Amino acid sequence: MLQYKTVGLASDHAAFPLKQFVRKYLDEKGIPYKDYGTLTEESCNYATYGHLLAEGVESGEVYPGIAMCGSGEGISMTLNKHQGIRAGLCWIPEIAHLIRQHNDANVLVMPGRFIDEDMARRILDEFFATDFEGGRHQARIEAIPVKK
(Lines give C-alpha, C1' and ligand atoms only; values in the text may rest on other atoms or scores of the structure.)
Protein backbone atom coordinates (compact mmCIF):
# COMPACT_ATOMS: atom_id res chain seq x y z
CA MET A 1 0.00 0.00 0.00
CA LEU A 2 1.30 3.43 -0.99
CA GLN A 3 2.62 5.32 2.01
CA TYR A 4 1.32 8.85 1.69
CA LYS A 5 2.18 12.03 3.49
CA THR A 6 -0.11 14.92 2.69
CA VAL A 7 -1.51 14.41 -0.82
CA GLY A 8 -1.04 17.34 -3.20
CA LEU A 9 -3.86 18.32 -5.55
CA ALA A 10 -3.93 20.43 -8.72
CA SER A 11 -6.40 21.00 -11.53
CA ASP A 12 -7.50 23.48 -14.12
CA HIS A 13 -11.05 24.74 -14.56
CA ALA A 14 -12.08 21.86 -16.83
CA ALA A 15 -11.30 19.29 -14.16
CA PHE A 16 -12.39 21.35 -11.16
CA PRO A 17 -15.55 19.23 -10.62
CA LEU A 18 -13.43 16.05 -10.62
CA LYS A 19 -11.01 17.62 -8.15
CA GLN A 20 -13.95 18.42 -5.87
CA PHE A 21 -14.85 14.72 -6.00
CA VAL A 22 -11.21 13.78 -5.19
CA ARG A 23 -11.28 16.12 -2.18
CA LYS A 24 -14.46 14.36 -0.97
CA TYR A 25 -12.83 10.95 -1.54
CA LEU A 26 -9.76 11.94 0.49
CA ASP A 27 -11.94 13.39 3.27
CA GLU A 28 -13.89 10.10 3.43
CA LYS A 29 -10.62 8.15 3.74
CA GLY A 30 -9.17 10.55 6.32
CA ILE A 31 -6.25 11.35 4.02
CA PRO A 32 -4.84 14.88 4.45
CA TYR A 33 -4.28 16.99 1.35
CA LYS A 34 -3.04 20.36 0.17
CA ASP A 35 -4.90 21.93 -2.75
CA TYR A 36 -2.59 23.98 -4.98
CA GLY A 37 -5.50 25.20 -7.11
CA THR A 38 -7.42 26.14 -9.08
CA LEU A 39 -10.14 26.96 -6.61
CA THR A 40 -12.92 27.86 -9.09
CA GLU A 41 -14.28 26.88 -12.49
CA GLU A 42 -13.07 30.20 -13.96
CA SER A 43 -10.83 29.64 -17.00
CA CYS A 44 -7.19 29.25 -16.01
CA ASN A 45 -3.84 27.81 -17.10
CA TYR A 46 -3.24 24.19 -16.04
CA ALA A 47 0.53 24.78 -16.10
CA THR A 48 0.33 27.27 -13.22
CA TYR A 49 -1.08 24.66 -10.88
CA GLY A 50 0.90 21.77 -12.31
CA HIS A 51 4.17 23.55 -11.54
CA LEU A 52 3.04 24.34 -7.99
CA LEU A 53 2.15 20.69 -7.38
CA ALA A 54 5.41 19.46 -8.91
CA GLU A 55 7.41 21.78 -6.65
CA GLY A 56 5.46 20.52 -3.63
CA VAL A 57 6.21 16.87 -4.49
CA GLU A 58 9.87 17.55 -5.29
CA SER A 59 10.40 19.47 -2.03
CA GLY A 60 8.74 16.74 0.04
CA GLU A 61 5.94 19.03 1.18
CA VAL A 62 3.40 16.58 -0.29
CA TYR A 63 3.45 12.96 -1.50
CA PRO A 64 1.95 11.76 -3.73
CA GLY A 65 0.25 14.22 -6.05
CA ILE A 66 -3.04 13.97 -7.87
CA ALA A 67 -3.54 16.22 -10.88
CA MET A 68 -6.34 16.74 -13.38
CA CYS A 69 -7.12 18.80 -16.44
CA GLY A 70 -9.64 18.36 -19.23
CA SER A 71 -7.74 15.65 -21.12
CA GLY A 72 -5.09 15.03 -18.47
CA GLU A 73 -2.42 15.53 -21.13
CA GLY A 74 -1.51 19.19 -20.60
CA ILE A 75 -1.00 18.92 -16.86
CA SER A 76 0.91 15.64 -17.37
CA MET A 77 3.29 17.36 -19.78
CA THR A 78 3.78 20.21 -17.33
CA LEU A 79 4.43 17.91 -14.37
CA ASN A 80 6.86 15.71 -16.28
CA LYS A 81 9.06 18.70 -17.17
CA HIS A 82 10.22 18.53 -13.54
CA GLN A 83 13.14 16.12 -13.05
CA GLY A 84 11.77 14.65 -9.82
CA ILE A 85 8.29 13.94 -11.11
CA ARG A 86 6.91 10.74 -12.59
CA ALA A 87 3.32 11.62 -13.49
CA GLY A 88 1.14 9.01 -15.16
CA LEU A 89 -2.15 9.62 -16.94
CA CYS A 90 -4.81 7.08 -15.95
CA TRP A 91 -8.30 6.52 -17.30
CA ILE A 92 -8.74 2.94 -16.02
CA PRO A 93 -7.60 1.26 -12.77
CA GLU A 94 -5.22 -1.12 -14.53
CA ILE A 95 -3.06 1.80 -15.66
CA ALA A 96 -3.05 3.23 -12.13
CA HIS A 97 -1.78 -0.15 -10.95
CA LEU A 98 1.01 -0.25 -13.53
CA ILE A 99 2.21 3.34 -13.05
CA ARG A 100 2.71 2.56 -9.36
CA GLN A 101 4.04 -0.99 -9.74
CA HIS A 102 6.44 -0.41 -12.64
CA ASN A 103 7.08 3.36 -12.71
CA ASP A 104 6.88 4.35 -9.04
CA ALA A 105 4.63 7.21 -10.15
CA ASN A 106 4.56 10.02 -7.64
CA VAL A 107 1.70 11.89 -9.35
CA LEU A 108 -1.55 10.37 -10.55
CA VAL A 109 -3.17 12.29 -13.41
CA MET A 110 -6.80 11.86 -14.46
CA PRO A 111 -8.71 13.32 -17.44
CA GLY A 112 -11.53 15.40 -15.99
CA ARG A 113 -13.65 15.42 -19.13
CA PHE A 114 -13.42 11.68 -19.84
CA ILE A 115 -14.05 9.77 -16.60
CA ASP A 116 -16.94 9.76 -14.16
CA GLU A 117 -16.77 9.68 -10.37
CA ASP A 118 -17.14 5.89 -10.19
CA MET A 119 -14.15 5.40 -12.47
CA ALA A 120 -12.16 8.05 -10.58
CA ARG A 121 -12.84 6.20 -7.31
CA ARG A 122 -11.67 2.92 -8.80
CA ILE A 123 -8.51 4.58 -10.16
CA LEU A 124 -7.76 6.24 -6.82
CA ASP A 125 -8.35 2.98 -4.91
CA GLU A 126 -5.92 1.16 -7.19
CA PHE A 127 -3.29 3.91 -7.08
CA PHE A 128 -3.29 3.98 -3.27
CA ALA A 129 -3.37 0.17 -2.97
CA THR A 130 -0.36 -0.51 -5.21
CA ASP A 131 3.30 -0.50 -4.18
CA PHE A 132 6.35 -0.05 -6.38
CA GLU A 133 7.73 -3.46 -7.32
CA GLY A 134 11.36 -2.34 -7.54
CA GLY A 135 13.76 -4.91 -8.98
CA ARG A 136 14.26 -4.54 -12.71
CA HIS A 137 12.05 -1.43 -12.70
CA GLN A 138 14.40 0.52 -10.40
CA ALA A 139 17.12 0.95 -13.04
CA ARG A 140 14.47 2.04 -15.55
CA ILE A 141 13.13 4.83 -13.39
CA GLU A 142 16.65 5.92 -12.47
CA ALA A 143 17.26 6.42 -16.22
CA ILE A 144 14.31 8.81 -16.64
CA PRO A 145 15.83 12.12 -15.44
CA VAL A 146 17.84 14.04 -18.02
CA LYS A 147 21.54 13.83 -17.12
CA LYS A 148 23.49 17.03 -17.72
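**Figure 1. Helices α1 and α5 pack against each other.** The axes of α1 (residues 16-29) and α5 (residues 117-129) come within 11 Å and cross at roughly 50°. Axes are lines fitted to C-alpha atoms, for helices over the stretch in contact; angles run from 0 to 180 degrees between N-to-C directions. The pair is therefore oblique. Angles under 35 degrees count as roughly parallel, over 145 as roughly antiparallel, 65 to 115 as roughly perpendicular, and the rest as oblique. The crossing of α1 and α5 is right-handed: the near helix is turned clockwise from the far one by less than a right angle. From α1, the contact uses Leu-18, Phe-21, Val-22, Tyr-25, Leu-26, Glu-28 and Lys-29. From α5 come Glu-117, Ala-120, Arg-121, Leu-124, Asp-125 and Phe-128. Contact means heavy atoms within 4.5 Å. By class, 8 of these residues are nonpolar, none polar and 5 charged. Here Ala, Val, Leu, Ile, Met, Phe, Trp, Tyr, Cys and Pro count as nonpolar, Asp, Glu, Lys and Arg as charged, and the others, Gly among them, as polar.

This is a predicted model: local features need pLDDT of at least 70, side-chain atom pairs count only at pLDDT 80 or more, and totals for chains, interfaces and linings use all residues. Residues are numbered from 1 along each chain as its sequence is written, and side-chain values use heavy atoms, with hydrogens and water left out. Helices (H or I, at least four residues) and strands (E, at least two) are DSSP runs, numbered from the N terminus.

**Figure 2. Five strands form an open, parallel sheet.** The strand order is β2-β1-β3-β5-β4. Strands pair if DSSP finds at least two bridges between them. At the edges, β2 (33-35) and β4 (87-89) each pair on one side only. Neighbouring strands are turned by 20° against each other on average, direction ignored. Helix α1 packs on this sheet and touches β1 (7-11), β2, β3 and β5. The direction of α1 makes about 165° with that of β1. Strands β3 (residues 65-69) and β5 (residues 107-111) run parallel, joined by 5 bridges. Ala-67 stands opposite Val-109 in β5.

**Figure 3. Strand β1 is largely enclosed by the rest of the structure.** Why? 5 of its 5 residues are buried. Buried means under 20% relative accessible area, exposed over 50%, and partly exposed in between (1.4 Å probe, protein chains only). Val-7, Leu-9 and Ser-11 point one way from β1, and Gly-8 and Ala-10 the other way. In a regular strand the side chains alternate between the two faces of the sheet. β1 runs parallel to β2, with 3 bridges between them. Gly-8 stands opposite Lys-34 in β2.

Figure 4. Beyond four places away in sequence, Thr-78 touches Tyr-46, Ala-47, Gly-50 and His-51.

Figure 5. Most residues other than glycine have a negative phi, and most peptide bonds are trans. Thr-38 sits in the loop between β2 and α2 (46-59). Pro-64 lies in the loop between α2 and β3. At 17% relative accessibility, Asp-104 counts as buried.
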